[in-house]
Amino acid sequence: MPKTAIIIGAGPAGLTAAYELLTKTDIKPIIYESSADIGGISKTLNYKGNRIDIGGHRFFSKSDRIIEWWQNILPLEAVPPKPGPDPEREDKLMLMRKRLSRIFFLRKFFAYPVSLSLETLSNLGIARAVNFFLSYIKVRLMPIREEKSLEDFFVNRFGKELYGTFFKDYTEKVWGLPCSKIKAEWGEQRVKGLSIAKTIYHAFKKMLIKRSPLDQKNIETSLIEYFLYPKFGPGQMWEEAAKIIKEKGGEIHLNHHVVGLDLQKNEITEAEIKVLNSNEIKVQKADYFFSTMPIKELIPALGENAPGGVKRVAQGLMYRDFITVGLLLKKLKIKNDTKIKTVNDFIPDNWIYIQERDVKVCRVQIFNNWSPYLVKEKDKVWIGLEYVCSSEDEIWGKTDKEVSEFAIGELLKIGFIEKEDIIDWAVIRMEKVYPTYSGAYEEFETVKNFCDRIENLFLIGRNGMHRYNNQDHSMLTAMVAVENIINNLKSKKNIWEVNIEKSYHESK
Ligand SMILES: Cc1cc2nc3c(=O)[nH]c(=O)nc-3n(C[C@H](O)[C@H](O)[C@H](O)COP(=O)(O)OP(=O)(O)OC[C@H]3O[C@@H](n4cnc5c(N)ncnc54)[C@H](O)[C@@H]3O)c2cc1C
């Protein structure tokens, strides 16, 4: 009998696990996906021909293996395009995009990451600039010895004034907590080695060394300037991967929600799956189980055999939820203030961080600048307003119409749009998009150690590991898990080492 693996979730991690099993082993993958879509958080939704990328997904990685994997599925477009008619092939491509994302603060644009340019200084005014400099020097001379919170982490790298102006409000909007209450570990994961010194070093190096846009290995994540992007958004990558998985004999079941896992001693024997929109419950046996579902939901699914302490910690894990408001416009009110030449003098940013304190919107995505193919009519502007929130917040409880009115009101307030230019809107809600390092996370090892002892269970991906993993990290955890099965390696340590900087670079 050929062996089988149940994979919970058809996001990047689950699909990669299935692909790797099919191409490297004889194990048959069976994916169960709760929603009606492929791609998890990295899916692309189509609203009347206009595509929404939930979060704006850059495809970049420090791992050559991941870049090759992506290009195997969607090759990089040839510049100039290759001659010859092959319309379908021409659509299955990745574009090379140059990143531009700026901060909007004091109703002005600032470079991101904040650069010490003349423009920044003139936007800030001389008094603020001097304050930044003095507070930075102060922290260099007297750093906070023990970084207990994210606030300490930022202050040590940027000085108190710069932190207060450019990092505090945005970070607190995203996480819904004061930075002083967020663990410093978040900074290590997200901002990693970014600091003023690194930013300046990077700027000099860029002037001296010409590198391939795909070679981003030794660049801090926040400074990466080029990224790949599927022509029709990130979901295109995952829909293509799903097609290949099915062609190779894998199964993908949408609208199938895994509700139970039968744990016997150190092994799971079968999964119980609820078929949504019906009363049917399926039971499926398997040899291996890969989980990308939130750990908070996985542990109760293991039933009575999960110890009380593990259940308590899992129950206390916290997440942030997400609303994107898509807005279709005739034009934007704000004009291109850069030297970059654009079509119709359109602002060139991929996305803009909204640091303004008088609005709740965190970021504005300009989908036209991610890929013009996301937009149905090329002369229209298609943007996304992002709200990071909790499903208990007031905004989540509003109707879609109320959310859209609220979002439009905010953009009018900060001067991005004019009311008469609005053509249409769409509201998309996604739960648990950010696993947070707060709540019971301090005791996370209890859950991790318990799950690691279940021999045929592999926690992979973002919510699957309760870790701030990007697509490439999520994919690598799946790849390492499959390799462990091939090599009969019992320890799960190497899966947890992915996305701990240095240890996952293949080019060490
Ligand atoms: C705002 C934002 C911006 C981002 N930007 C980037 C970026 O620029 N670049 C990048 O590489 N990454 C980015 N990411 C991260 C990227 O979205 C994730 O790394 C990736 O989607 C995680 O893949 P995954 O398969 O682990 O999980 P997910 O994408 O969350 O997929 C998990 C799937 O499991 C399903 N599921 C859950 N429970 C069950 C169940 N019980 N039964 C069956 N199915 C279930 C869910 O429906 C979901 O489809 C961003 C994320 C966010 C939120």
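# Helix packing and the ligand shell

In this predicted model, L150, F154, V155 and F158 of helix α6 meet K160, L162, Y163, F167 and T171 of helix α7.

User: How do the residues of the contact of α6 with α7 divide into nonpolar, polar and charged?

Analyst: The residues that α6 brings to this contact are L150, F154, V155 and F158, and they face residues of α7 that include K160 and T171. When the residues of the contact are sorted by class, they divide into seven nonpolar, one polar and one charged.

User: Which word describes how α6 and α7 lie to each other?

Analyst: Two packed helices are described by the angle between their axes and the distance between the axes. Helix α6 covers residues 150-158 and helix α7 covers residues 160-175, and their axes come within 8 Å and cross at roughly 140 degrees. The crossing is right-handed. Angles over 145 degrees count as roughly antiparallel and 65 to 115 as roughly perpendicular, with the rest, apart from those under 35, counting as oblique, and therefore α6 and α7 are oblique to each other.

User: Is the crossing of α1 past α10 left-handed or right-handed?

Analyst: Helix α1 (residues 12-24) packs with helix α10 (residues 234-247) at an angle of about 30 degrees, and their axes are 10 Å apart. On the α1 side the contact holds P12, L15, A18, Y19 and L22, which meet W238, A241, A242, I244 and I245 in α10; by class, this contact has ten nonpolar, no polar and no charged residues. As for its handedness, α1 passes α10 in a crossing that is left-handed.

User: At roughly what angle do the axes of α1 and α17 cross?

Analyst: Residues of α1, among them P12, A13 and T16, meet residues of α17 that include Q471, S474 and M475, and the contact divides into ten nonpolar, four polar and two charged residues. The crossing of α1 past α17 is right-handed. The axes of these two helices come within 8 Å, and the angle at which they cross is roughly 35 degrees.

User: Which residues come nearest to the ligand?

Analyst: The shell around the ligand has eleven nonpolar, 19 polar and five charged residues, and it draws at least three residues from each of domain 1 and domain 2. Of the 35 residues around the ligand, those that come nearest are G9, G11, G40, G55 and G461.

Methods. Residues numbered from 1 in each chain as written. Predicted model: local features only at pLDDT ≥ 70, side-chain atom pairs only at ≥ 80, totals over all residues. Axes fitted to C-alpha atoms, helices over the stretch in contact; angles between N-to-C directions. Helix = DSSP H or I, 4+ residues; strand = E, 2+ residues; numbered from the N terminus. Left-handed = near helix turned anticlockwise from the far one by under 90°. Contact = placed C-beta atoms within 7 Å. Nonpolar A, V, L, I, M, F, W, Y, C, P; charged D, E, K, R; others polar. Near = placed C-beta within 6 Å. Domains from an automatic or database assignment.
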